[in-house]
Amino acid sequence: MKIDGKQYRSVWLSDDKKSIHIFNQERLPYSLEILTLSTMAEAADAIVTMKTRGAPLIGVVGAYGLAFAISEDTSDRHIEDSYKVLVETRPTAINLKWALQRLKQAVLNVPEISRKELAFKVCADIADEDVELCKNIGIHGLELIKQIAAAKPEGETVNIMTHCNAGWLATVDWGTALAPIYMAYNEGIDVHVWVDETRPRNQGTLTAFELGKHGVKHTLIADNAGGHLMQHGEVDMVIVGTDRVTANGDVCNKIGTYLKALAAKENRVPFYVALPSPTIDPEVADGVKEIPIEQRAGQEQSHVQGITELGKRGIVNTAPEGTRCANYAFDVTPAELVTGLITERGFCDANRQSIKKMFPELLSSSK
Ligand SMILES: CSC[C@@H](O)[C@@H](O)C(=O)COP(=O)(O)O
């Protein structure tokens, strides 16, 4: 992805190949700060504090965290202990566990002497593969946007709603939900995006940042505006990303996604979910009952942050001092509310049969 003429990925290896660089997403969209992570503790902290975020990206950064741990100590014990620390940094997105398990299994299968080099290679593979997966999601999602554009009167804009940030900042490049939008824009389709603010962490402002840098028309809206816009025919389709899709097609994503899906169903607006296959959790069937929903600090709810008139970052309390807050970070949209899944292999319905047909290797032995 290009920022001010320079090509970036959201995570990249340093020149000495001993550390990685990421954008500090706590500072975006106000300032473009690049961080260097060289230890497992730094990687874990970046994930917990959401300096890095988004399901596929935390998978890659978590894997590099494990690679840093392995470069300190290649023993089985240390690898297992480090895995446990990293896998608990964020509980909901399955990509983190998927990436850590893939790396752990790969290195435990080879002699200790080869582990360090292999660990960094597996991390680079996961990152490169993520770019390919997202690119293919974009290609398939583009077809859906083209269909919607073709069904509209000539010259009318295609209005797409999205929630949270599922763009290149949440993956290694392209994004999931935003990849089809970037491709549609690149092909000259007139698209406009309704960007949910996504309180309390305001990931919508990251989406606005990305879309703005790419030149895609967009409007930032309050999270509660979605139903109103759908009711008035202002939304042609919704595309969101996801942190975990169950074997039955239930979709876990940023808090508020479920409400968007309900409003979409009521207003007959198609509701699509874009995902790479590592986001599918074949071990889980019922998303509402089985997916652990992360709860974050109440301060994220009671306080807002932004840039003051003097250009300084500021945090202010908007709630009465001492108000009890609940900060659920994700919710689950039941499969029946999902029009379809946009994957790297194409489009499929959100149910076990269709997911199994598309990814037989994932679901063959699942419950
Ligand atoms: C391609 S990213 C899909 C999801 O990870 C994204 O929509 C999301 O919910 C991110 O949550 P976050 O809490 O910001 O990590």
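The structure is a predicted model, and its chain is assigned domain 1 (2-129) and domain 2 (134-363).

**Asp243**
- Asp243 sits in the loop that joins strand S9 (237-240) to strand S10 (244-246).
- Asp243 counts as buried because 31 C-beta neighbours lie inside 10 Å, where 20 or more are required.
- Beyond its neighbours within four places in sequence, Asp243 is in contact with Ala55, Thr92, Ala93, Cys252, Asn253, Thr279 and Phe330.

**Shell around the ligand**
- The ligand has 18 residues around it, and those that come nearest are Arg53, Ala55, Ala170, Gly241 and Lys254.
- At least two shell residues come from each of helix H2 (55-72) and strand S11 (251-254).
- By type, the shell holds seven nonpolar, eight polar and three charged residues.
- Domain 1 and domain 2 each contribute at least three residues to the shell.

**Contact between the domains**
- The C-alpha centres of domain 1 and domain 2 are 24 Å apart.
- Domain 1 brings 25 residues to the contact, and domain 2 brings 28 residues.
- On the domain 1 side, H2 and helix H4 (94-108) each supply at least two residues.
- H2 gives the largest share of that side, five residues.
- The domain 1 side consists of 16 nonpolar, six polar and three charged residues.

Conventions: Residues numbered from 1 in each chain as written. Predicted model: local features only at pLDDT ≥ 70, side-chain atom pairs only at ≥ 80, totals over all residues. Near = placed C-beta within 6 Å. Helix = DSSP H or I, 4+ residues; strand = E, 2+ residues; numbered from the N terminus. Nonpolar A, V, L, I, M, F, W, Y, C, P; charged D, E, K, R; others polar. Domains from an automatic or database assignment. Buried ≥ 20, exposed ≤ 12 C-beta atoms within 10 Å, placed from the backbone. Contact = placed C-beta atoms within 7 Å.
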